[in-house]
Amino acid sequence: MVDFTSFNRGLEQLNLSLDTKQLQQFYRYYELLIEKNKVMNLTAITEYEEVIHKHFLDSLALVLWKGFKGEGHVIDVGTGAGFPGIPLKIAFPELEIVLLDSLNKRVKFLNEVVDELGLQKIVAIHGRAEELARKVEYRETFSLCVSRAVAPLATLVEYCMPFVSVGGRFVAYKAGGVKEEMNYAQPAIKLLSGRIEEPISFQLPGTEIDRVFVVVYKEKKGDKKYPRKPGTAEREPLGNSKEKTVKKL
């Protein structure tokens with residue numbers, strides 16, 4: 001029998017509770033992740049307890065942001081192995097989620113997970129954010145964009161803000177000590193019609209690891225010239241930001 005003790009303890013710290021079916025979905029997700037990780041690089045974190053804390057609970061910690069309602073149209077940019085999108089979908093079935101990743105092999109894995117877990121109203125898409133955000137069916141149509149992608153904030157906002165509808169928000173999952181990164185990103189955020197709200201700092205449940213949610217509000221419709229061509233945001237962050245470093249999650 002699977003031991004969910006530490007998972008449930010972490011969920012309690014987030015004021016969350018999952019039923020048996022949801023807990024079993026998380027464990028099956030773990031099994032699929034580890035099995036696929038043998039043949040392709042999905043995660044360096046493979047121990048069950050570590051996956052629980054550093055992937056599952058880390059993804060679900062979004063509930064600590066008071067703006068999260070557990071419903072709405074969400075896009076997860078640079079989702080990788082499905083974090084935070086799939087854990088959020090398991091815990092909050094009413095969410096409508098698009099998982100976006102630039103590597104087709106990962107997208108195939110994500111669709112396998114979605115099918116295996118019997119998840120509805122969630123789809124994994126292969127593509128680059130700079131290209132997808134220019135399509136009318138995706139541009140400024142999401143009330144919430146999330147990303148745990150390992151990239152400087154000044155780069156991430158150009159990938160993500162074009163997806164966010166006016167009045168919506170982009171939430172970046174970041175490691176602690178992100179203040180300097182936020183300062184460097186301010187010019188880019190302004191150019192992309194956003195403003196930073198009060199960041200949410202916390203410790204990852206069951207650990208001493210510092211985390212921060214950087215929340216960016218979309219004030220008005222964005223300039224159609226953004227995002228720029230693929231690769232440009234990484235090479236030349238908006239606002240002449242020279243910040244190239246980012247702390248890994």
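1. Surface. The accessible surface of the protein comes to about 11,900 Å². Carbon and sulfur atoms hold 48% of that area. This is a predicted model, and the values in this note are computed from it.

2. Overall form. The protein has nine helices and eight strands. Its radius of gyration is 17 Å, close to the 18 Å that the globule rule gives for 249 residues, so the protein is as compact as a globular protein of that length. The C-alpha trace spans about 55 × 35 × 30 Å along its principal axes.

3. Of the 249 residues, 56% count as buried. Take the contacts with a separation of 6 or more: 71% of them are between residues 24 or more positions apart.

4. Charges. The protein carries 36 positive and 33 negative charges. Their mean positions lie 7 Å apart.

5. What to check in the backbone. Most residues other than glycine have a negative phi, and most peptide bonds are trans. The next points list departures from both patterns.

6. Cis bond at proline 84. The peptide bond from phenylalanine 83 to proline 84 is cis. Omega is near 5°. Proline 84 sits in the loop between strand 1 (73-77) and helix 4 (85-91).

7. Cis bond at proline 227. The peptide bond from tyrosine 226 to proline 227 is also cis, with omega near 5°. Proline 227 belongs to the loop that runs between strand 8 (210-218) and helix 9 (232-235).

8. Asparagine 15 is placed in the loop between helix 1 (5-13) and helix 2 (20-37). Is asparagine 15 buried or exposed? The residue is exposed: its relative accessible area is 72%, and the cut-off for exposed is over 50%.

9. Positive phi at serine 193. Serine 193 is not a glycine either, yet its phi is positive, at about 65°. This serine is in the loop between helix 8 (179-191) and strand 6 (194-196). Serine 193 counts as buried, because its relative accessibility is 5% and buried means under 20%.

10. Asparagine 15 is exposed, whereas serine 193 is buried. Each lies in a loop: asparagine 15 between helix 1 and helix 2, serine 193 between helix 8 and strand 6.

Technical notes
Residues are numbered from 1 along each chain as its sequence is written. This is a predicted model: local features need pLDDT of at least 70, side-chain atom pairs count only at pLDDT 80 or more; totals for chains, interfaces and linings use all residues. Side-chain values use heavy atoms; hydrogens and water are left out. Helices (H or I, at least four residues) and strands (E, at least two) are DSSP runs, numbered from the N terminus. Buried means under 20% relative accessible area, exposed over 50%, partly exposed in between (1.4 Å probe, protein chains only). The radius of gyration is taken over C-alpha atoms; the globule rule is 2.2 Å times the number of residues to the power 0.38. Contact means heavy atoms within 4.5 Å. Accessible areas come from the Shrake-Rupley method with a 1.4 Å probe; for residues, only the protein chains shown count as cover. Lys and Arg count as positive and Asp and Glu as negative; His and the chain ends are not counted. The place of a charge is taken as NZ of Lys, CZ of Arg, CG of Asp or CD of Glu.
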